[in-house]
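Hello,

Here is the structure for you to look over. My notes follow it.

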Amino acid sequence: MQSVSETRELSDRLEVRLAESAAEIAAAQALRYRVFYQEMGAKPTQAMRDRLADFDDFDPVCDHLLVIDRTQGAGAAGVVGTYRLMRRAPGEAFGRFYTAGEYDISKILANGGRFMELGRSCVDSGYRNGGTMKKLWDGIAAYVFENGVELMFGCASLPGTDIEALAGHLSYLYHHHLAPESLRPRALPHLRVDMALRPKDALQPRRAMAELPPLIKGYLRLGGFVGDGAVIDHQFNTTDVCVMVKTDLVTAKYRAHYDRTIPGWSEE
């Protein structure tokens, strides 16, 4: 475990910004491959194996947020964290959103205002600490400010596909963090797994929250909520939930800092 001083020193070496070149996007895709396929046991296509990269049709129309360790390199060589972001206009121009492959998001499309979809978040194994996650969230907050985003959503994953083992997590999310009906996504009927597997009074909310994956926990602490129904993703060896976050708390938390730095939100 890193000490506070070690974590702070690492954070000082890190930069967060959008990818600026094809090489930097390729570095993010290579990082995704290492984490999702080589580490977490996802099943790559042959084309992915050949390139040692995770990629799909969405990559060219998304922005790619990067965390770069400048001691490893100023650009592609230093990529240690990434997040894929797609605003409403590019997504509608493209004709689809990644989340729509698992969820009916028609209510978000109808009522979501200025929204963005998040996905493909991962961090190199040597950088999974508070400093790196703070850099990612700082970058997301700045992106939200610059683009006037009001709602963020995307698929977030619980590890594994054993629904019984995940019953406590899924039930907690359903009973305590279900999205408002006016925005609530619903898992597509042929993919939907019921989340309400345990009665509400049988749960231990504090323990359930503490045991959630850090990314989902982070969304909930920002006031996030989930859609109705989980989806088993056999390719990625995960069970997905649809998470949404209204950006009010993100905006409030980071306004004082970013009012001083926008425009030009790349953190040096």
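One definition to begin with: helices here are DSSP runs of H or I, at least four residues long, numbered from the N terminus. Please also keep in mind that this is a predicted model.

Confidence. The protein chain has a mean pLDDT of 89. Of its residues, 89% reach 70 or more. One stretch to treat separately is residues 256-268, where the pLDDT is below 50. In the model, that stretch has 25 contacts beyond near neighbours in sequence.

Aromatic pairs. The structure holds nine of them. Tyr33 and Tyr37 make up one that is stacked, with 5.1 Å centre to centre and 25° between the planes. Why are Tyr33 and Tyr37 separated by about one helical turn? They are four residues apart in helix 2, which spans residues 22-39. An α-helix has 3.6 residues a turn, so residues three or four places apart point the same way. Tyr33 and Tyr37 are both buried.

Phe36. This residue belongs to helix 2. Is Phe36 buried or exposed? Its relative accessible area is 8%, and buried means under 20%, so Phe36 counts as buried. Leaving out residues up to four places away in sequence, Phe36 touches Gly41, Ala42, Asp54, Arg120, Ser121, Cys122 and Phe236.

Ala53 as a reference point. Phe36 lies 17 residues from Ala53 along the chain, and their C-alpha atoms are separated by 10.0 Å. Ala26, also found in helix 2, is 27 residues from Ala53 in sequence. The C-alpha to C-alpha distance between Ala26 and Ala53 is 7.5 Å. Ala26 has a relative accessible area of 36%.

A charge over a ring. Arg51 lies over the face of Phe55. The distance from the ring centre is 3.9 Å.

Helix 9. This helix covers residues 214-221. Which of its residues are buried? They are Ile216, Lys217, Gly218, Tyr219 and Leu220. Note that a lysine, Lys217, is on that list. Just after helix 9 comes Gly223, with a positive phi of about 85°.

Best wishes

Methods: Residues are numbered from 1 along each chain as its sequence is written. This is a predicted model: local features need pLDDT of at least 70, side-chain atom pairs count only at pLDDT 80 or more; totals for chains, interfaces and linings use all residues. Side-chain values use heavy atoms; hydrogens and water are left out. Buried means under 20% relative accessible area, exposed over 50%, partly exposed in between (1.4 Å probe, protein chains only). Helices (H or I, at least four residues) and strands (E, at least two) are DSSP runs, numbered from the N terminus. Rings of Phe, Tyr and Trp (its six-membered ring) pair if their centres lie within 6.5 Å; planes under 30 degrees apart count as stacked, over 60 as edge-to-face and the rest as tilted. A charge sits over a ring if NZ of Lys or CZ of Arg is within 6 Å of the ring centre and within 35 degrees of the ring normal. Contact means heavy atoms within 4.5 Å. pLDDT is the predictor's confidence in each residue, from 0 to 100.
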